[in-house]
Amino acid sequence: DFFEGFLKIVTEEKLPLDFFSYHSYCVTADRFTEIEQYVERRLEDAGLGQTEIHLNEWATHPFKEVRGTALSCANSVAMMCAMQDTKMDIMCYYDARIGTSVYGGLFHPMTYEPLCAYYGFKAFGELYAMGTQAEASVSEGSGVYVTAAVGNGKKGALIANIGDDTQVKTNLNGCETMYLIDDDHFMEVVKLDPKEFMLKKNQVVLAVSED
């Protein structure tokens, strides 16, 4: 296949490979995890395991029917959470334009207002600003994805549900602030018990506390 031919040329000719990049569209987080693991395995088998991996174009639902919806947001957040636990180095969402293209998934093309997915990226940015990933896990196959972080006097967890409505039980003791993102809440503070709460399909929750 193409990948095999590419790796053969790079290894036989001893070509410098600063990074390996590829695109992904219309793929959910669970399926894309399998794709990413395949890429990592093929690079490792070719002796290129230290090569940076760049997903330089991606979008899970670039369709006008779902642009601006919680479905688009939750799947984008699930994708970022899933890739955080892989060797992925760079992810470039396509795209953040303010225009009529179906790929412009973050802003309304007429009003320029942020869409639901924008707040998913904003929530992930809150964890990124903390600086250090913390351990977090969920039941495999549940449709729930999570990433946690600590640093700069804060700790937090970002949870996305792309499966059925789920009762979430956590050890998020002491989280003072719970933000909800869905079709009706754009990263709004809500009253949820951080230790146990109902997370509906296509909802995202950001839990944050001060250390």
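Visitor: How far apart are the mean positions of the positive and negative charges of the protein?

Guide: The mean positions of the 17 positive and 32 negative charges are 2 Å apart. Lys and Arg count as positive, Asp and Glu as negative, with His and the chain ends not counted; each charge is placed at NZ of Lys, CZ of Arg, CG of Asp or CD of Glu. This is a predicted model, in which local features need pLDDT of at least 70 and side-chain atom pairs pLDDT 80 or more, while totals for chains, interfaces and linings use all residues. Residues are numbered from 1 along each chain as its sequence is written, and side-chain values use heavy atoms, leaving out hydrogens and water.

Visitor: What makes Phe 6 and Phe 20 a pair, and why is the pair called tilted?

Guide: Rings of Phe, Tyr and Trp (its six-membered ring) pair if their centres lie within 6.5 Å; planes under 30 degrees apart are stacked, over 60 edge-to-face, and the rest tilted. By this rule there are 15 aromatic pairs. Phe 6 and Phe 20 have ring centres 5.8 Å apart and planes at 50 degrees, so the pair is tilted. Phe 6 lies in helix 1 (residues 2-12) and Phe 20 in strand 1 (residues 19-25), so the pair ties together parts 14 residues apart in sequence. Helices (H or I, at least four residues) and strands (E, at least two) are DSSP runs numbered from the N terminus.

Visitor: How do you know whether Phe 6 and Phe 20 are buried or exposed?

Guide: Buried means under 20% relative accessible area, exposed over 50%, and partly exposed in between (1.4 Å probe, protein chains only). Phe 6, at 24%, is therefore partly exposed, whereas Phe 20, at 12%, is buried.

Visitor: Which residues do ring pairs link into a cluster?

Guide: The cluster consists of Phe 2, Phe 3, Phe 6, Phe 20, Tyr 22, Phe 32 and Tyr 38.
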